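Me: Could you walk me through this chain, one question at a time?

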Amino acid sequence: MEEALALAREAGSAGDVPIGAVVVVGGRIVGRGSNRTRRDCDPTAHAEMLALRAASAALGRPVLDDCTLCITLEPCAMCAGAIVLARVGRVVFGAWDDKAGMAGSLGDLLRHPGLNHRPEVAGGVRAADCGEVLRAFFAARRASVVDARISAS
């Protein structure tokens, strides 16, 4: 999770929502991703999607059933769908996402009984640290918007 947090901070410094993800197999990181939706002008460039793509490329296979995906924020519907399709063995995430989380908050796509794959899920791991990265990012963003409005007045 420490590497995922570092990737989240990197995304935030670049102006993207600070979310980071890593894929681990056999104790080594085989895929990394930080949110790049703004930098790449790509709504699918979520940290999880990028980490899954990198892991599949590194391992030379689309099935990641022996892998753990660590994410700083509960995955959204798109990412949860990709996690299921990649057959990720285990998902560990930090902060819960009451607005879009699909691992127990808004819904639970990862453990939906109608799907043919359901990864093991552990949520709330280092939730305070992961949540603080997000809170600080959005507080700074709100402050800069207020400053811009004051300057324009």
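**Fold and aromatic pairs**

Reply: Gladly! The chain has 5 helices and 5 strands, taken as DSSP runs (H or I of at least four residues for helices, E of at least two for strands) numbered from the N terminus. This is a predicted model, where local features need pLDDT of at least 70, side-chain atom pairs count only at pLDDT 80 or more, and totals for chains, interfaces and linings use all residues. Residues are numbered from 1 along each chain as its sequence is written, and side-chain values use heavy atoms, leaving out hydrogens and water.

Me: What is the radius of gyration of the chain?
Reply: The rule for a globule is 2.2 Å times the number of residues to the power 0.38, with the radius taken over C-alpha atoms. For 153 residues, a compact globule would come near 15 Å, and the chain agrees with its 16 Å.

Me: Is Phe93 buried or exposed?
Reply: Buried means under 20% relative accessible area, exposed over 50% and partly exposed in between, with a 1.4 Å probe and protein chains only. Phe93 has a relative accessible area of 0%, so Phe93 is buried.

Me: How many aromatic pairs does a search of the whole structure find?
Reply: Rings of Phe, Tyr and Trp (its six-membered ring) pair if their centres lie within 6.5 Å; planes under 30 degrees apart are stacked, over 60 edge-to-face, the rest tilted. Searching the whole structure gives 2.

Me: What is the angle between the planes of Phe93 and Trp96?
Reply: Their centres are 4.8 Å apart and the pair is edge-to-face. The angle between the planes is 85°.
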